[in-house]
Amino acid sequence: MNLNELRDRAYKTACEHGFHDEELSNEHFICLVISELMEAVEADRQGQDGRANVVGFETCIKNAYQGIVRDDWFLKVYRADIKGSVEEELSDVTIRLLDLAGLRKIDLSELQGPLFDKLNITPEFISWEFQLKEMSFTERMFFLCSLLTSGESIEDVVRSSIVVTFLNANILRIDLLWHIEQKQRYNELRPVMHGKKY
């Protein structure tokens with residue numbers, strides 16, 4: 001996995017869908033990340049109903065007509081089995097952070113390697129992982145909000161928030177990279193601005 005490649009794909013999709021047609025502040029983009037965190041909280045409040053049906057999704061995709069997954073079929077299955085889930089919302093958090101990294105030309109190469117193999121690249125991140133495991137889901141989302149609004153440089157905010165989002169996914173046994181891939185495809189098939197004002 002190459003986070004800079006994921007960054008470039010997220011940024012390219014956002015540009016193609018009109019999200020960067022005007023110059024907007026870092027605070028604007030961070031607010032949208034926080035909105036995704038709150039959607040993750042709402043999904044988590046639904047209990048098991050707020051989790052993605054990965055088995056159902058993969059079964060439907062594998063049973064596509066002659067092995068060809070048409071865009072309309074992908075959208076239908078995605079909406080039925082993944083849309084609105086905790087997994088999707090954490091993917092959205094990551095994709096928005098990757099997009100911001102692309103916009104601000106933030107290099108993510110230092111986050112490669114062991115972080116995404118064993119999630120333990122530095123003592124600070126090891127400490128975070130132990131702390132996060134002791135927290136409830138809402139406390140972990142609040143911790144992410146506190147990172148996003150810490151006043152640190154935008155580079156540090158984006159990098160730290162990506163790390164903590166992956167740590168959260170790890171705690172929840174979510175294959176975040178798989179979910180990011182599905183959400184990226186879904187986003188690429190959506191209309192300009194995803195049908196929204198911003």
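This is a predicted model: local features need pLDDT of at least 70, side-chain atom pairs count only at pLDDT 80 or more; totals for chains, interfaces and linings use all residues.
Residues are numbered from 1 along each chain as its sequence is written, and side-chain values use heavy atoms, with hydrogens and water left out.

Let me start with helix H9, residues 154-171, where helices are DSSP runs of H or I with at least four residues, numbered from the N terminus. Its end C-alpha atoms lie 26 Å apart, which agrees with the 26 Å that its 18 residues should span at 1.5 Å a residue, the expected span being 1.5 Å times one less than the number of residues. Of those 18 residues, 14 are buried, meaning under 20% relative accessible area, with exposed over 50% and partly exposed in between, for a 1.4 Å probe and protein chains only. Just after H9, arginine 173 takes a positive phi of about 60°.

Turning to the cysteines, the structure holds 0 disulfides, a disulfide being a pair of cysteine sulfur atoms within 2.5 Å. The sulfur of cysteine 145 is 9.9 Å from the closest cysteine sulfur, in cysteine 31, and that is too far for a bond. Cysteine 145 is buried, at 13% relative accessible area, whereas cysteine 31 is partly exposed, at 47%.

Finally, helices H5 (residues 86-103) and H10 (residues 176-188) pack at about 75°, with their axes 9 Å apart; axes are lines fitted to C-alpha atoms, for helices over the stretch in contact (heavy atoms within 4.5 Å), and angles run from 0 to 180 degrees between N-to-C directions.

Definitions and conventions: Helices (H or I, at least four residues) and strands (E, at least two) are DSSP runs, numbered from the N terminus.
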